[in-house]
Amino acid sequence: MTLVSTLLSIIVMVVFQRKRSMTTIPRSAQAKFDLACRLTKEINAHAERFTSNPKHFHDRQAKKVGLEKKVHLRGIVLGALLKQNEDLYKRALVIIKSEIETGKEKAHA
Amino acid sequence: MPKALRKRREIVNSTVQGAWHIAGGGILPELHHAIASWLLTEIGETVSMLLTLFQNGFKYERREDGTLEFADVILPAKVGKLERLIELTHDNTPCRRLEFHNTYNIMYVAWQPERPTEAYMGIRLYDSYYGTRNLGGDWINDIDLLEMIEFFGILKREPENGVIRVDNWSIEALMAHNEKIRKRAKLQSIQHSANFLQAALTTYLDFNWKKIPEVVRGPALKQAAEQLLSHVGKLKDGENESFPSIEERDPEGRVLEWQDAVRTIARNTTGFEYKTARENDPRKFSNPEDKRGARLVNVDKDWARFSTSPFPRRMSLKLTPDNSIVYRRSNRLYIAIPVFKGLADNDKKRQKLSHRKIFWWHSHTSEFTPMPLWQEQLGKKANLTPNFDTILLPLQYDRKWSKEKGQFVAGTFERTLCNSRSWEICLSTLCERRARSGAQSFAGNTLHRFPTYFRSDFAVGFDMPEAEIPKRIIGIHFSHEPVISWVMGDILDGEPRVLDQGMIIGNEILDSGLEAQVRLEEEAGKLRWTGGREFKGVIAQRTNDLSNANC
């Protein structure tokens, strides 16, 4: 009985962990918007780091920080958001643009 | 002179290296480093510009069976130099120098007499045909001019004694050939040589050379011609259809371009486009069982721009002997390069880099003596005369401590350059290398002031006795399976015949050693580092096994 319960708990843990590690697109429009904003912040941080430090760049490093994945996921999320709520989509675009400009200003400063 | 004692010229791939000694404080090393860096940027950018020009005018066609039929390039041309090309192609003397034997070269020039500034030249880089082609008689009818004329887009085919005139445009076809008649049923192909292409481009190409130093012009044309012909060769073999790289070669420009790519990626709101590796490159993953063909590959253009290195690949600069003379002054060697030759006095680069300190040697010219190799080859031209085009750079010490003599003596580099009796200087290659972190310093830490250093590799040739073909010849071929195969033969009444042949299969130890070698070759082929400790150990182990086995 103990063995069965232990096994069950392990299976539940593994499934739960796996589900947690998988990147899923949230259902609600607001959650999608939040996810897009979070990804934008992360992407911009990576971009700023690479731009200011081209010496340390190589392709694997970009893969290691998941830049490709994040940009692609943001594209998918924004595509889904456009279908669901156009206003939020436009707001997200404005935020992405302003974040880049802020980053540019920081770089110039 | 007996035949056995007769000597012939042999070009040998022997190279001696001399690193540039750019060390110490002050402005002079900075200027030297900046000039060397500028030269390499110039060659890279010029080749890039030439390749862009070639790419715009490049055209090729394949037959239904996939073989390459022809490859042409159309370029802007200078008019009024036809006579020189005719001389170049039909006269024997320049032909011999440019090695035009066993091939023929076709080139077309089109121009309008009313508008002499607008002219084009078309060069057939590759031509293939089945069956017989008579090049001896009325050759204008034998060569299919149609594609070339259509490529110009302004002419129609109206042959008239080798010259075609339509709508005030003139086109002239020029060719040189040695073989008059070719009679073979199989596919024949003719390809231009890089030397001819370089000569034709030097004579005809309408290109703005004003801001490019003379030492760069020739090598840039040669490198661009070689890359173009290499591309044609690959097209012929069906290997790779992408045109040679025309990426940014200027380090500053490349970084800016790459930073722009990073910003574009950060601005992306649509995601990337993915394809399977097999769809992306069907030739590479033609085997359906290869699992790597099923993985998804990002084919987005912006990502490709971002993925390439932010640092450009540097080209090397090949200099002729008269453009890279080595002098001795006391115990030190110097290399002289006319870097500003061909540039106007008000040129920005000249004004920026030609600081008065660079020409410190003007008041010491009598102290410099050319090395015997150059003295022998160039004569009086090798003597140093003060001018504001040339810079003199010191080469690193090449002296070794001799226990016997109790003093420093000349090293290999210096001894080779002194050996004028049998050696001859061919070319020197200027290249940039990353400075080794633990390199021995001759001038304190100042040697590592710059992240890179520059080196001149001198290619030298020497005379060797003419090889006599023996009556009996044994040919040995080394491979992996069997290890050695050999054949012995001789020539009887002008016909070769095989006397005996055989092969050696090898043994287990040798096999395992060869397997390791194959693995090493594969790793090296993938541009992986094979000089590490792991491989070193494997090689040492196999060598020990082999030597202990007494086989």
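In chain B, strand E23 (residues 484-492) is joined to E24(B) by nine bridges, the two strands running antiparallel; helices (H or I, at least four residues) and strands (E, at least two) are DSSP runs numbered from the N terminus, and two strands pair if DSSP finds at least two bridges between them. One of the residues involved is Ile491(B), whose bridge partner in E24(B) is Pro496(B). The pairing belongs to an open sheet of three strands in chain B, with the order E22-E23-E24 and antiparallel pairing. Its edges are formed by strand E22 (472-478) and strand E24 (495-504) of chain B, each of which pairs on one side only. From one strand to the next, the twist averages 20 degrees, where axes are lines fitted to C-alpha atoms, for helices over the stretch in contact, and angles run from 0 to 180 degrees between N-to-C directions.

The model is a predicted one, in which local features need pLDDT of at least 70 and side-chain atom pairs count only at pLDDT 80 or more, whereas totals for chains, interfaces and linings use all residues. Residues are numbered from 1 along each chain as its sequence is written, chains are lettered from A and ligands numbered from 1 in the order in which they are written, and side-chain values use heavy atoms, with hydrogens and water left out.

Over all chains, the structure holds 13 salt bridges, a salt bridge being a side-chain nitrogen of Lys or Arg within 4 Å of a carboxyl oxygen of Asp or Glu. In one of them, Arg329(B) is paired with Glu367(B), with 2.7 Å between the closest N and O atoms. Because Arg329(B) lies in strand E14 (residues 325-329) of chain B and Glu367(B) in the loop between helix H11 (348-353) and strand E16 (369-370) of chain B, this pair ties together parts that are 38 residues apart in sequence. Arg329(B) is partly exposed at 22% relative accessibility, and Glu367(B) is partly exposed with a relative accessible area of 37%; buried here means under 20% relative accessible area, exposed over 50%, and partly exposed in between (1.4 Å probe, protein chains only).

A salt bridge also links the side chains of Asp389(B) and Arg350(B), at 2.7 Å from N to O. Asp389(B) lies in the loop between helix H12 (372-378) and strand E17 (391-394) of chain B and Arg350(B) in helix H11 of chain B, so the pair ties together parts that are 39 residues apart in sequence. Asp389(B) is partly exposed, at 23% relative accessible area, whereas Arg350(B) is buried, at 9%. In the salt bridge between Arg455(B) and Asp457(B), the closest N and O atoms are 2.9 Å apart, and both residues are buried. In chain A, a network of salt bridges links Arg38(A), Glu42(A) and Lys70(A).

A search of the whole structure finds 15 aromatic pairs over all chains, where rings of Phe, Tyr and Trp (its six-membered ring) pair if their centres lie within 6.5 Å, and planes under 30 degrees apart count as stacked, over 60 as edge-to-face and the rest as tilted. The rings of Phe272(B) and Trp303(B) form a tilted pair, with centres 5.5 Å apart and planes at 55 degrees. Phe272(B) is buried at 7% relative accessible area, and Trp303(B) is buried at 5% relative accessibility. Trp303(B) also forms a tilted pair with Phe306(B), at 4.9 Å centre to centre and 50 degrees between the planes. Ring pairs link Phe50(A), Trp258(B), Phe272(B), Trp303(B) and Phe306(B) into a cluster.
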